Amino acid sequence: MIEVTGIRKRYRGRDVLNDVSFTAEKGELTCLIGVNGAGKSTILKLIMGLTPLTGGTIRIDGQALEPKLYEKIAFVPDHLTMPSGMRLSEALRFMADFYESWNEKRADELMRFFQLEHSARIGSLSKGIAAKFNLLLGFAQDSDYLLLDEPFSGIDLFSREAITEVFTSDLMEHRGVLLTTHEIGEMEHLVDKAVLLKGGKVSLSFHCEEMRSEKGKSVIDVMREVYGA
Ligand SMILES: Nc1ncnc2c1ncn2[C@@H]1O[C@H](COP(=O)(O)OP(=O)(O)OP(=O)(O)O)[C@@H](O)[C@H]1O
């Protein structure tokens, strides 16, 4: 379990996150929802140790963050970070060399599934194709947890559908997935738990199925109430 307790983050004298707590469990898809600038990406960076906490604690499977724990987590940022002149085949080789958790067979399957060409260069990819390859780099790591920052941002409907299919496959079955989004769209039926951020705090956190069965509300209904949209 990823356990975020009372975290605070201050950038240049301004509190971006103020006492944020939530958990993301293995075998579940947890969605961090918030408008632009709510602090979603910051939370993922804090979990990955890419920026220091101002306060609070983050524990993974009961342990405080330390470099060894990152073997359990794959992080997919909101854009491809590989050099633009690199071919996809070279990027895959880099991942295989760099990550012990790299699963070559899975990477090959996903290359075929997303219809990606090994010889294409990173810089020549369209936005949607780049997003698919970016996701592949995370999906093909045998990690317990997968953190995804805005995986659907700027992607057309058909690419979204292909990516959604991966989320429902057994590739994800036992993993804990924590993803951020500002619009839930067709993801809604995939999400187990929603964490709604507002004003640097968690406004509401709930299991979607319970919300549906007990209050008859969808995630979008709740978002409308919280964000007044
Ligand atoms: N390195 C930084 N230095 C200063 N301020 C920052 C830094 N990174 C983020 N911020 C600020 O922190 C706030 C939260 O940013 P963050 O990127 O986490 O939001 P977000 O919810 O992911 O937004 P989006 O949906 O637009 O990606 C924003 O106001 C942003 O300007």
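**Reading the model**

Modeller: Lys217 sits in the loop between helix 6 (208-215) and helix 7 (219-227), where helices are DSSP runs of H or I of at least four residues and strands are runs of E of at least two, numbered from the N terminus. Residues are numbered from 1 along each chain as its sequence is written. This is a predicted model, in which local features need pLDDT of at least 70 and side-chain atom pairs count only at pLDDT 80 or more, while totals for chains, interfaces and linings use all residues.

Biologist: Is Lys217 buried or exposed, or in between?

Modeller: A residue is buried if 20 or more other C-beta atoms, placed from the backbone, lie within 10 Å of its own, exposed if 12 or fewer, and partly exposed in between. Lys217 has 15 other C-beta atoms within 10 Å, so it is partly exposed. Setting aside residues up to four places away in sequence, Lys217 touches Met211, Arg212 and Val222, contact being C-beta atoms, placed from the backbone, within 7 Å.

Biologist: Which residues of helix 2 are buried, and how are they arranged?

Modeller: In helix 2 (residues 88-98), the buried residues are Leu88, Ala91, Leu92 and Met95. Seen down the helix axis, they fall within an arc of 100 degrees, so they line one face of helix 2; the arc is that of the directions from the helix axis to the C-beta atoms. These buried residues pack against helix 3 (104-113) and helix 4.

Biologist: Where is Glu150, and what is its phi?

Modeller: Glu150 lies in the loop between strand 7 (145-149) and helix 5 (157-167), and its phi is positive, about 50 degrees, although Glu150 is not a glycine. With 20 other C-beta atoms within 10 Å, Glu150 is buried.

Biologist: What is the setting of Asp61?

Modeller: Asp61 is in the loop between strand 4 (55-60) and strand 5 (63-64). Its phi is near 45 degrees, a positive value in a residue other than glycine, and Asp61 is partly exposed, with 13 other C-beta atoms within 10 Å.

Key:
Two residues are in contact if their C-beta atoms, placed from the backbone, lie within 7 Å.
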